[in-house]
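Please view the sequence and the model together before reading on.

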Amino acid sequence: MTIQDIQKLSIEIGTNADLRGKEAVQKLLDRKRKQFESLSPKDKEEFDQEALTNPYMDSGVFNVAEDKEIKRVLVGIDIEPAEILLAKQLGNIDLAIAHHPEGRGLAQLADVMHLQAEVLSQYGVPINVAESLMKTRISEVSRGVNAINHQRTVDMARILGVNFMAIHTPADNLAASYVKRLIEERKPEYVSDVLSLLKELPEYKEAMKIGVGPKVFVGSPENRAGKIAVTEFTGGTEGSTKMYEKLAQAGIGTIIAMHTSEEHRKEAEAAHVNIVIAGHMSSDSLGMNLFMDALQRQGIEIVPCSGFTRFSRV
């Protein structure tokens, strides 16, 4: 496989796992194309045309030093200058793959957050309410990432001649759909049952060894779980703090999230919604593992680093 093959595969697999469904993702791309076609020639020059085929602009190829067959990849949750240097020193790494975005992927992190509004609507929050809540949060995130040194790691990869890409939302989609499917199959009744289910997965078992396994951040293990929502596994980063009240009104009793801020935790507590934190690095590892399995099937060797715990399901 080439770097471009891996990028194409990430979009395909990420779309198949998207909680919105493939048709909804295609509608999004069709809408973007119509918007692009209506632009003036000047505005078309400024439009990133990758967005016409890539629904996950927080992910992509950031540096191609040598377009070659990929046989061995260095994979980390965060690939920063130190990991790029590691890839160079190892000498037999064909491609460094990050989970968290860098470069223009980080600059466009807010672009994928619209996904969350549609997922909220699937759980009963009116789409107009969900979009209104997310619009404010998306603006916050967009402003927040604006001042970051986006190109730092990309520049390091360019100078050292290391192929570099990131797979963010496609991997998060895989993790979200995987956990959602488990919940639907097992139908846990109590919050403690949700914890037990998560702790069966190897990524979370490994996280427990260092004290960051699944935990209840709001509520109690003895609480009934009620209707369970997997709303904070994908879609860029944390959504609106105001969503918990709306989810409670929609009948949601428990939310499974990768992580949550203190402000989000307080809002969920006020709304009487249980929050089970699966774990950040472990949940990111779950999604990346599911994608790395596809690369392993193609004969690619995976070298894990930077918080990525590799567990093969092949």
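## Terms and basis

For the linings described below, Ala, Val, Leu, Ile, Met, Phe, Trp, Tyr, Cys and Pro count as nonpolar, Asp, Glu, Lys and Arg as charged, and the others, Gly among them, as polar. The model is predicted: local features need pLDDT of at least 70 and side-chain atom pairs count only at pLDDT 80 or more, while totals for chains, interfaces and linings use all residues. Residues are numbered from 1 along each chain as its sequence is written, and side-chain values use heavy atoms, with hydrogens and water left out.

## The largest pocket

A pocket is an open set of points on a 1 Å grid over the protein atoms alone, where a 1.4 Å probe fits and protein lies on both sides within 12 Å along at least five of seven lines; lining residues have an atom within 4 Å of a point. Grid points are joined across faces, edges and corners, and a volume is the space filled by probe spheres set on the points.

The largest pocket holds about 550 Å³ of space. Its lining comprises 21 residues, with Leu-28, Arg-31, His-114, Glu-118 and Glu-131 nearest the centre. By class, the lining residues are 10 nonpolar, three polar and eight charged. Helices H2 (22-37), H6 (114-122) and H7 (127-146) each contribute at least two of the lining residues; helices (H or I, at least four residues) and strands (E, at least two) are DSSP runs numbered from the N terminus.

## The second largest pocket

The second largest pocket has a volume of about 300 Å³ and is lined by 20 residues. Nearest its centre lie His-168, Gly-236, Thr-237, Glu-238 and His-259. This lining divides into five nonpolar, 11 polar and four charged residues.

## Helix H14

H14 has 18 residues and spans 26 Å from its first C-alpha to its last, close to the expected 26 Å (1.5 Å times one less than the number of residues). Because 14 of its 18 residues are buried, H14 is largely enclosed by the rest of the structure; buried means under 20% relative accessible area, exposed over 50% and partly exposed in between (1.4 Å probe, protein chains only). Just after H14, Gly-299 takes a positive phi of about 85 degrees.

## Positive phi outside glycine

His-272, in the loop between helix H13 (262-270) and strand S8 (274-277), has a positive phi of about 60 degrees although it is not a glycine. His-272 counts as exposed, at 71% relative accessibility.

Ser-306, in the segment after strand S9 (301-305), is a residue other than glycine with a positive phi near 50 degrees. Ser-306 is partly exposed, with a relative accessible area of 25%.
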